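Hi,

Here is the structure I said I would pass on. Have a look at it first, and my notes on the sheet and the pockets follow below.

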Amino acid sequence: AICRALEASGCDSAALLAEAGFDLKSLDGPNARCPLTHTERLCRIAVAATKDPAFGIKVASHIKQTTFHALSYGLSASSTLKEAFERVQRYCHVASDAIEYEFWQNGAEYHFVIEPAAGVADESVDALVAAYLRMCRSLIGHDYSPLRIEFRRARPARIEDFQSLLRAPLQFGAARTRLVFDCDAIERPLDGGNPELARHNDAIALQYLSQMERGNIQWRVREGLTQ
């Protein structure tokens, strides 16, 4: 997705990947994992090359249905956005083990918090915010906007693209990165919900995670408790 966003901005993505320290051959497989240090470096290089402080937000439009393995299909088949965000929280390590999520109801609102590990670039978090907002709009309607979006990152030099692409009240310099939704949107049954398909993709995601995290005792205990 980052490469496609770079190419769309007129940059040589292969050259920038090499500059960031990536071995291009290691990225050939669909299950390849990228070191966080390389991804953080690539984000800095990408912003410098494109001169675009909203580069991360624009990466989201280049995410494909297969980008996040079976998790993407499970999200699309969810019966409600509540179920989709619970799926994100449970299977997030399919995409990255450098990001954790919190999701809960608070009165008439639902809060979805993105908690990155140290070293995760602001642009990576921007991309996730935009990606999950695109997911919401693809499932309940392209005109939908959350109640507000809070960014932990500092206010960028230009926010026009943030405003036009996210179309929601924005706050920068917040304590945490958070999307706040109304209960009606989160709990509304989705036309495309398919529980059987969702469960099938959950099983694939769980199998992938169990292979990846086989030696991680903490993950195994957490998964056992969840089950």
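Before the sheet, one definition: two strands pair if DSSP finds at least two bridges between them. Helices (H or I, at least four residues) and strands (E, at least two) are DSSP runs, numbered from the N terminus. This is a predicted model, in which local features need pLDDT of at least 70 and side-chain atom pairs count only at pLDDT 80 or more, while totals for chains, interfaces and linings use all residues. Residues are numbered from 1 along each chain as its sequence is written, and side-chain values use heavy atoms, with hydrogens and water left out.

Strand 2 (residues 109-116) and strand 5 (residues 177-182) run antiparallel and are joined by six bridges. If you want a spot to look at there, Val 113 is opposite Arg 178 in strand 5.

On to the pockets. On a 1 Å grid over the protein atoms alone, a pocket is an open set of points where a 1.4 Å probe fits, with protein on both sides within 12 Å along at least five of seven lines, and lining residues have an atom within 4 Å of a point. Grid points are joined across faces, edges and corners, and a volume is the space filled by probe spheres set on the points.

The largest pocket holds about 1400 Å³. It has 43 lining residues, and Ile 2, Cys 34, Thr 67, Phe 68 and Ala 95 are the closest to its centre. Helix 7 gives the most to this lining, five residues.

The second largest pocket holds about 600 Å³. Its lining has 24 residues, with Ala 60, Ala 130, Ala 131, Arg 134 and Met 135 nearest the centre. Which helix gives the most to the lining of this second largest pocket? Helix 7 again, with nine residues.

Cheers
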